[in-house]
Amino acid sequence: MTQDTALLPKSLVAGDEPVPARKVFVKTYGCQMNVYDSDRMSDALSRDGYVATDVVEDADFVLLNTCHIREKAAEKVYSELGRLRELKKAKASEGREMVIGVAGCVAQAEGNEILRRAPAVDLVIGPQTYHRLPEALKRARSGERVVETDYAIEDKFEHLPAPDKVKTRARGVTAFLTVQEGCDKFCAFCVVPYTRGAEVSRPVAQIVAEAEKLVDGGVREITLLGQNVNAWHGTGPDGGDWGLGDLLRRLGEIDGLARLRYTTSHPRDMDESLIEAHRSMTKLMPYLHLPIQSGSDRILKAMNRRHTAAEYLALVERIRRAQPDLALSGDFIVGFPGETEADFEDTMRLVEAVGYAQAFSFKYSSRPGTPGADLKDQVPEDVKAKRLERLQFLLINQQRDFAASCVGREIDLLLEKPGRMPGQLVGRSPWLQPVNVDAKRSQIGDIIRVRITRAGPNSLFAEVIE
Ligand code: SAH
Ligand code: SF4
Ligand code: F3S
């Protein structure tokens with residue numbers, strides 16, 4: 001990223017000689033919500049004169065925005081911290097300072113424990129306290145080891161800067177917007193209710209204002225984010241109760257905003273008004289991430305998902321009736337405690353019945369503090385591995401079949417960024433697949449009509465329809 005002193009506060013520009021700005025390197029793990037949070041934290045730090053860098057060796061402040069969802073995700077953070085410790089030492093020997101911070105869900109879950117396990121860490125900050133980051137960083141720079149993981153009473157979104165025009169332009173034509181955070185569902189395997197806290201919905205006016213700012217900065221497609229995005233609720237300008245369907249309709253009125261998406265949805269919160277939005281809103285993309293985790297009623301119950309496989313299938317049918325072009329994606333966990341071969345076969349059957357365009361599947365990972373961790377009948381690793389392999393084989397085939405079924409179709413393509421080959425751009429299909437097409441750089445942000453000509457393993461190829 002280039003350094004632009006015009007963006008710095010005056011206090012950092014002494015005389016004619018600009019003082020070099022401090023640099024921050026942010027590495028993001030986990031879900032899209034962390035991507036959104038990382039940008040907001042970078043924005044907050046830029047008010048204090050920090051500029052972003054992609055080169056970790058150049059950074060005065062290294063911030064890891066972490067994920068706690070599975071053991072592997074959390075362990076990755078500690079191995080990264082080990083590497084950073086060496087870098088910090090090397091820099092210190094040259095008389096250069098490097099502050100190391102840990103944000104995100106590992107920070108929230110482990111707090112002080114991180115300082116103990118990783119002595120190079122100066123600062124630990126949880127997701128509900130990001131608006132305090134600039135102040136916490138000042139304290140860390142003066143030598144204090146800071147842990148900020150209390151749930152803040154003040155609304156962090158009110159105190160974090162909204163995206164500005166210049167940065168939005170640099171970030172591209174698609175953007176995330178967190179509308180809901182936290183979770184009250186307490187699935188037996190999941191850390192999110194503990195790391196992100198209780199469900200909170202942002203108010204309509206705040207969301208609309210942020211969306212308008214993004215569009216003003218050139219954004220054409222917004223993905224609304226929430227751990228349970230379809231549990232979002234608020235009060236409309238008319239004083240009435242609003243659900244996500246109403247919010248989508250309101251955002252659909254913003255001129256210049258061409259596409260809307262939302263993720264992640266819980267099957268229990270798909271209400272009629274949201275399904276109606278899929279029926280009637282052309283700006284709402286026909287794509288839905290609707291995780292079920294398992295196809296076995298017994299396991300769904302043990303997971304505390306609070307619905308059956310049949311209810312899920314009936315819901316899918318209702319949504320597909322409203323939007324026949326809908327592509328579905330999902331998440332699956334294999335090897336939840338007590339899962340038998342027969343339970344797993346139920347999952348395979350459910351996948352066959354639904355037909356996913358895309359999916360994410362994981363081996364169950366026991367997380368400290370969740371009810372699942374205390375259950376007997378933990379499934380052996382090799383059994384989990386075998387089941388995962390079978391499930392992924394099926395899911396990948398479904399993804400390929402879906403991609404193949406797109407060949408020959410004419411679609412609207414939002415051009416996002418340069419492709420791998422010169423003269424090519426990559427865009428996204430309505431179903432979130434990357435699509436390569438010959439187009440000029442100046443067309444980034446345009447929506448063009450194309451015909452899909454070929455399906456590769458991870459992306460589609462298309463030609464422009466004159
Ligand atoms: N709110 C979303 C899920 C968020 S976590 C929902 O309810 O569907 C993203 C995915 O990670 C989950 O859907 C699940 O498939 C996976 N996951 C969560 N906890 C896990 C664990 N302990 N072990 C393995 N996978 C897990
Ligand atoms: Fe986790 Fe369940 Fe909440 Fe999703 S709904 S975030 S899986 S507890
Ligand atoms: Fe991971 Fe936290 Fe997201 S645990 S998946 S970063 S909410």
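Here are legends for a handful of close-up views of this predicted model.

Residues are numbered from 1 along each chain as written, while chains are lettered from A and ligands numbered from 1 in the order they are written. Because the model is predicted, local features need pLDDT of at least 70 and side-chain atom pairs count only at pLDDT 80 or more, though totals for chains, interfaces and linings use all residues; side-chain values use heavy atoms, with hydrogens and water left out.

**View 1**
Glutamine 293 puts a polar side-chain atom 2.7 Å from a ligand 1 oxygen, and arginine 70 has a polar side-chain atom 3.1 Å from an oxygen of the ligand. With glutamine 227, a polar backbone atom sits 2.7 Å from a nitrogen of ligand 1. How much of ligand 1 does the protein cover? The answer is 91% of the 540 Å² of accessible area that the ligand has on its own (Shrake-Rupley method, 1.4 Å probe). Nonpolar covers Ala, Val, Leu, Ile, Met, Phe, Trp, Tyr, Cys and Pro, charged covers Asp, Glu, Lys and Arg, and the others, Gly among them, are polar.

**View 1. The surroundings of ligand 2.**
The residues around ligand 2 include Cys183, Cys187, Cys190, Phe186, Phe189 and Gln227. Also in this shell are His266 and Arg305, among others. Sorted by class, the shell has seven nonpolar, three polar and two charged residues.

**View 2. Ligand 3 and the annotated cysteines.**
Around ligand 3 are Cys31, Asn34, Thr66, Cys67, His68, Ile69, Cys105, Arg196 and Gln227, a shell of four nonpolar, four polar and one charged residues. UniProt, in an unreviewed entry, lists Cys31, Cys67 and Cys105 as "binding site". They are spread over 75 residues of sequence yet cluster in space, with a largest C-alpha distance of 10.4 Å. UniProt positions follow the numbering used here, feature names are shortened, and annotations may be inferred rather than shown by experiment. Cysteine 31 lies in the loop between strand E3 (23-28) and helix H1 (32-46), and its relative accessible area of 29% makes it partly exposed. Cysteine 105, in helix H3 (residues 104-110), is buried at 10% (buried is under 20%, exposed over 50%, partly exposed in between, with a 1.4 Å probe and protein chains only).

**View 3. Threonine 347 in helix H14.**
Threonine 347 belongs to helix H14 (residues 341-354) and is buried, with a relative accessible area of 1%. Its side chain reaches the backbone nitrogen of glycine 295 at 3.0 Å. Beyond neighbours within four places in sequence, threonine 347 is in contact (heavy atoms within 4.5 Å) with Ser294, Gly295, Ser296, Phe332 and Leu391.

Definitions and conventions: A polar contact is a pair of N or O atoms within 3.5 Å; within protein, one must be able to donate a hydrogen and the other to accept it, and residues adjacent in sequence count only if both atoms are side-chain atoms. A residue is near a molecule or strand if one of its heavy atoms lies within 4 Å of it. Helices (H or I, at least four residues) and strands (E, at least two) are DSSP runs, numbered from the N terminus.
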